[in-house]
Amino acid sequence: MVRCPAFSCRDSLLSSPFAMLKQLEQIESDALNAIASVSDETSLEKARIEFLGKKSRLSAALAGMRDVPKEEKKAVGQKLNQVRGAITTCLDEKTAEITAVRDAAAFASIDPTLPGRTIPEGALHPLTHVLDRAVSVLRRMGFALAEGPEIETEWHCFDALNTPEDHPARNESDTFYFENGKLLRTHTSSVQIRTMEAQAPPVRIIAPGSAFRRDEIDSTHLSAFNQLEGLYVDQQVTLADLKGTLEYFFREMFGSKIELRFRPHFFPFTEPSFEVDLKFQTSRKADKWIEIAGCGMVDPNVFDSINTARGDSEFSDVTGFAFGMGLDRLAMITYGIPDLRLLIENDVRFLEQFGVG
Ligand code: DAH
């Protein structure tokens, strides 16, 4: 038995379907009047529950349908649906009206003609750009990425690289030493040693990373800087392979209109050794050679140290070449940056000029 306090359905329904139609009309007009007088969301929700909720007069009328004589069911049913439809539409319209008023009030305090705020976009550091490009060129040539620790032993940084005790690079005034005898690596060449200790030939690696020296900081020196090391060891690797590799690499980096010069030099761990100079044919300073890398054929003494450390002779009948270059310098040349310090100061006015992705 349905309880319906506001709607004495049973009696009227039973007595007269006509009375029921009348009552439904009454519900409709009560509902529409009530909804029309509402002006906030809470009251509107109350009206929805009152007129469409489970305990509403309309629900009671629906329950009373089962007592309506068969021949009247259709007419009463249709009326019921129509009333419910009318109330629902009215509620929807009122909801839209209240929302519109609320939105208009919210917008009133906003000035839509003000320019929008731009969201600052991050970008890659110029050094990262150059590193990514260099690595991708060298990887295409078959070089794999290798790495080693920045806090190194003297043996990996100097002794194994044929750098004797009295070499100036080992001096306290050139190198950061720790009390335990370790040091901040002065070059990435130590990764050559780390790799050959761990891996038999053929070895073809590049090792980008930081290096550290006790240098006074100025426009061309930093005490922490970045290098890119390369090493290729196999049977019958020749100086022609070294020259071909570096020429291809620098043409990929700077275009085909550059000239390279291999100038004899000395490095303890390569023999013969060279410094590589670069000349841009197109630039205003076309006649100026810029020093860009060190390189050479791996000194047999280095292979001897490796064999001794490994306790085998894997590196006995091999030859190899190595090269190393300053990544910061590469970035300076690529972007025409006049002062190395700009690369570490992180001044947004400088960095945003390279925001190309
Ligand atoms: N390690 C050298 C430096 O820091 C650069 C270098 C020169 C690396 C010759 C090499 C090389 O691998 O073969 O100045």
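In which strand does E275 lie, and what surrounds it there?

A: Happy to! This is a predicted model, in which local features need pLDDT of at least 70 and side-chain atom pairs count only at pLDDT 80 or more, while totals for chains, interfaces and linings use all residues. Residues are numbered from 1 along each chain as its sequence is written, and side-chain values use heavy atoms, with hydrogens and water left out.

E275 lies in strand β7; strands (E, at least two residues) and helices (H or I, at least four) are DSSP runs numbered from the N terminus. With a relative accessibility of 11%, E275 counts as buried (under 20% relative accessible area; exposed is over 50%, partly exposed in between, with a 1.4 Å probe and protein chains only). Neighbours within four places in sequence aside, E275 is in contact (heavy atoms within 4.5 Å) with R261, F262, R263, H265, F267, E291 and A293.

Stepping back to the sheet, seven strands form an open, mixed arrangement in the order β1-β4-β5-β9-β8-β7-β6, where two strands pair if DSSP finds at least two bridges between them. β1 (144-145) and β6 (258-267) are the edge strands, each with a single partner, so one side of each has no neighbour in the sheet. Further in, β8 (290-298) and β9 (319-326) run antiparallel and are joined by five bridges, and M297 stands opposite F321 in β9.

Helices pack on this sheet too. α9 touches β5 (224-234), β6, β7 (270-280), β8 and β9, its direction making about 135 degrees with that of β6. α10 (300-310) touches β5, β8 and β9, at about 60 degrees to the direction of β8. Axes here are lines fitted to C-alpha atoms, for helices over the stretch in contact, and angles run from 0 to 180 degrees between N-to-C directions.

α9 (239-254) also packs with α11 (327-335), at about 45 degrees and with axes 11 Å apart. In that contact, F249, F250, M253 and F254 of α9 meet L330, I333 and T334 of α11.

Some of these residues return in the largest nonpolar core, which has 44 residues; F249, F250, F254, V276, I292, F323 and L330 have the most contacts inside it. Such a core is a set of buried Ala, Val, Leu, Ile, Met, Phe, Trp, Tyr and Cys residues joined through side-chain atoms within 4.5 Å. Apart from this core lies another of 20 residues, among them I27, A31, L58 and I98.
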